[in-house]
Amino acid sequence: MADGSLGVLAPARSYVDIAVLWVRAAWAYPTSFLMLILGSLLITALDFVGIWVMFASIDTLGGFGLREIALLYGATGVGIGFADTLIGSVERIGIYVRTGRLDQMLTKPVPLLVQVCADQFTLRRLGRISQAGIVFGWAATYVDWTPARVLVALMMVVSSTVIFFALFTGFSCIQFWTTDSSEFANAFTYGGNTMTEYPLSIFPREIMLALTFVLPIAFVNWYPCLYLLGREDPFGLPTWLQFCSPIAAVVSLAGALLIWRSGVRHYTSTGS
Amino acid sequence: MSLIEVRDLERTFVLRRRSGGLRRAPSTVPAVHDLSFSIEAGEMVGYIGPNGAGKSTTIKMLTGILVPTSGEIRVAGLEPSARRTDLARRIGVVFGQRTTLWWDLPLRDSFGLLQKIYRVPDDRFRRNLDEFLELLDLGPLLDTPVRQLSLGQRMRGDIAAALLHDPEILYLDEPTIGLDVISKGRLREFLRTLNAERGTTLLLTTHDLQDIEALCRRVIVIDHGTAIFDGPLTDLHRQGGSTRTLVVDLVDAGPAIEVPGAVAWKVEGPRQWLSFPADASAAPIVAAVAVAYDVADLSIQEPAIEDVIRDLYSATEPRP
Amino acid sequence: MLHVAVATRAFRRYSTYTAATMAGIFTNSVFGVIYSFAYLALWHENHDAGGYDATDAVTYVWLGQALLMTVALWGGGTTDDLAERIRTGDVAIDLYRPVGLLGWYLAGDLGRATYHLLTRGLAPTFIGILLFDIRMPAGPLAAAAFLVSLPLAVTVSFALRFLVAATAFWLLDASGPRVLSGALALFFSGMVLPLVLFPGWLGTLATALPWSAIIQVPNDLWLGQYPGADVLAAIGFQLAWALALLACCALVLRAATRKVVLQGG
């Protein structure tokens, strides 16, 4: 009955199949869809205007200039934008528990995480991703590019997406235990994003260490960007950290998946 | 080995009651207790019991949504909670009150997506889809978003969706709830055909005794988490000592009707309620009443599940 | 009396969401910490930017976080109920009630705001005091002015949200205007950056718009940024916008009622 499943690739294919369906459904109303993206592009532009206004009063913040901060801002914005797109309905898992939709998903031969992430897949975040990308692109023109730096930049984009994905997923799992506190995750996901819009040198050492070794949010943009900008680590931490974003990504993802598995196990052991 | 095997199944829930402030007094509720049965391939089994008896809990454990507290379950040789996705390919589930279809999308898209998810080869998918579209009269509804469908239409869509991948077992949880009489009849007809032609094993939980009468040769009755009856339907009536009721509207009010085989237990003006054994035919009683009395109208009431089960416990005492 | 009852009921209703409130307080605090350090860094570079000193700036952050849910800047107030009821059509019932719909929802929002002030308002403030150097109100007059400004701030925010929700009478889906107005509110209320930092024409514009009445004005009253009689002018500014916007709401409501009656929603 089960024709050759492609092993590891099978979940990815299911994800794409489901996601494509949602995109097609949204595309049934093209004007509304495009307006939404355009709208979110303009709205997130306001976000960067805030930073630009900041620099009307100062020249550097935490020792970093506007263009350097723009690089940080763009990098973290792209990462969280991609991650936000990939996670689909993970943030809403509490609602799915309550409405019984989670049970229905469990009767299908697709891993639960894939189904939840693909559910109500939307390209709404394209606006935010584009805005962050534009800012990053502008800042990137001031970077002294070398092949190594290009590689680090690419790794940074992928790693930041994975790290934010892990944050979204891991912290949303609290909804398996208490369905009411979905806002808890925001402190780490959107909070993490906001934190990394600024150079971490504005924070005390303890916070920076926490963001490096406890929750690897600093690897989203800070360490790779130090390398891209050719800057010394203001806290005096070793330079090799600047190449470690993929490791941080793998570690975060593993952690998030473990938490997810534990959450699902809790759900199936206690019912709703 | 049987297709579905359940042995000494236990499932307890811990209820966290908040008794003021943060203090919680936990209490355990045994939802399923000491449950054992086996179902062979091709059977059509009714799984009935009052509300809260543990029917949904059992189905959840059979489909792998819920882990048993103890005991053994094997479905198609697999342990449901451990091999959930493998098992999912071989079963279909229809929830009566919630749809498995994608709410905002047209029916056609849901089916197309399910084909991809279940990896059904094109030719088999086409064949199944055409057959179900015809039998369930879904053709004109293919492009309608699921949220715009009526309850009956949605139920038919759900059933088709659950069968597109040729599952060996179909679980139906209250499938006819909220449907009108005609739709119920057609649905039952479809399920009968399904079982006869494809040998799909059916496990049906329902409150509607008519569903059971129409579809199931075997019935498992569950009450307070444990099976109190497991056998042919005909035995159920006999064992439970359940009775049916003949409601007679006489032309004029009169004293209690007396006919062999029935007992009048309620008289309200010209209307009288007569009870007689459920496995007996109503025909001779009706004839006897019509001959001896001036009858304006009469009807037959089936016993409710609750009554059947209640009677199961007090089998010595014929009602009322 | 009726409106007090409506407000009390709203207060009680929102108080059942304890887990959500805790999560919210946590999030508020985290953002409070982030912005505090950001502003400290900024004021380190420019010691009296916008007429604030560093302590003013950090106080501003925590006041903003404290007020955020109270004024329901993005939503989360009773106007969300309104939008939902318009979508489902239930609002038709509201329109025929003998009590004014506007007053009803406003009373409810003020009740909700009181609950959020006491929970998500006070809690982050205490945390801010614990972690950072916070400036307390300059004197009893400043404290009183601040308290007076709060219901006005909530009212202005309510009126803006009401107008956005009311677009649902004409558009099928109010989520577009809602997201847009949320972004504008965030920016022009001073949550992203204190309006006092906005340069040139942008600054003048921002201080004139109604959103500044929601966060910037109460914060400045607390910080004692208005010398002497300017305090009254600030409160008057809030009052003026509150009345003007409520009048707009009433007009929009009248048009909406007419639409519902004529077209059946």
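**View 1. Strand β3 of chain B lies mostly covered, with five of its five residues buried.** Here "buried" is used for a residue with 20 or more other C-beta atoms within 10 Å of its own, the C-beta atoms being placed from the backbone. Both faces of β3(B) are covered: M44(B), G46(B) and I48(B) are buried on one side, and V45(B) and Y47(B) are buried on the other. Strands like this one are DSSP runs of E with at least two residues, while helices are runs of H or I with at least four, and both are numbered from the N terminus. Before you move on, please keep in mind that this is a predicted model, in which local features need pLDDT of at least 70 and side-chain atom pairs count only at pLDDT 80 or more, whereas totals for chains, interfaces and linings use all residues. Residues are numbered from 1 along each chain as its sequence is written, and chains are lettered from A and ligands numbered from 1 in the order in which they are written.

**View 2. Strand β3(B) pairs in the parallel sense with β7(B) and with β8(B).** Two strands count as paired if DSSP finds at least two bridges between them.

**View 3. Strands β8 and β9 of chain B form a hairpin with two residues between them.** The strands run antiparallel and are joined by six bridges, with β9(B) covering residues 226–232. D223(B) stands opposite T226(B) of β9(B). In this hairpin, H224(B) takes a positive phi near 50 degrees.

**View 4. Helices α2 and α3 of chain C cross at roughly 155 degrees, their axes coming within 9 Å.** This makes α2(C) roughly antiparallel to α3(C), because angles over 145 degrees count as such. The axes are lines fitted to C-alpha atoms over the stretch in contact, with angles running from 0 to 180 degrees between N-to-C directions. The crossing is right-handed, meaning that the near helix is turned clockwise from the far one by less than a right angle. Among the residues making the contact are G24(C), F31(C), Y39(C) and W43(C) of α2(C), and A57(C), V61(C), W62(C) and M69(C) of α3(C). Residues are in contact here if their C-beta atoms, placed from the backbone, lie within 7 Å. By class, this contact has 12 nonpolar, five polar and no charged residues. Ala, Val, Leu, Ile, Met, Phe, Trp, Tyr, Cys and Pro count as nonpolar, Asp, Glu, Lys and Arg as charged, and the others, Gly among them, as polar.

**View 5. Chain A touches chain C through 27 residues, which are in contact with 28 residues of chain C.** On the chain A side, α2 (30–57), β1 (60–61) and α10 (186–197) each supply at least two residues. Helix α2(A) gives the most, with nine residues. This side of chain A divides into 14 nonpolar, 10 polar and three charged residues.

Notes. Angles under 35 degrees count as roughly parallel, over 145 as roughly antiparallel, 65 to 115 as roughly perpendicular and the rest as oblique. Two residues are in contact if their C-beta atoms, placed from the backbone, lie within 7 Å. A residue is buried if 20 or more other C-beta atoms lie within 10 Å of its own, exposed if 12 or fewer, and partly exposed in between; C-beta atoms are placed from the backbone.
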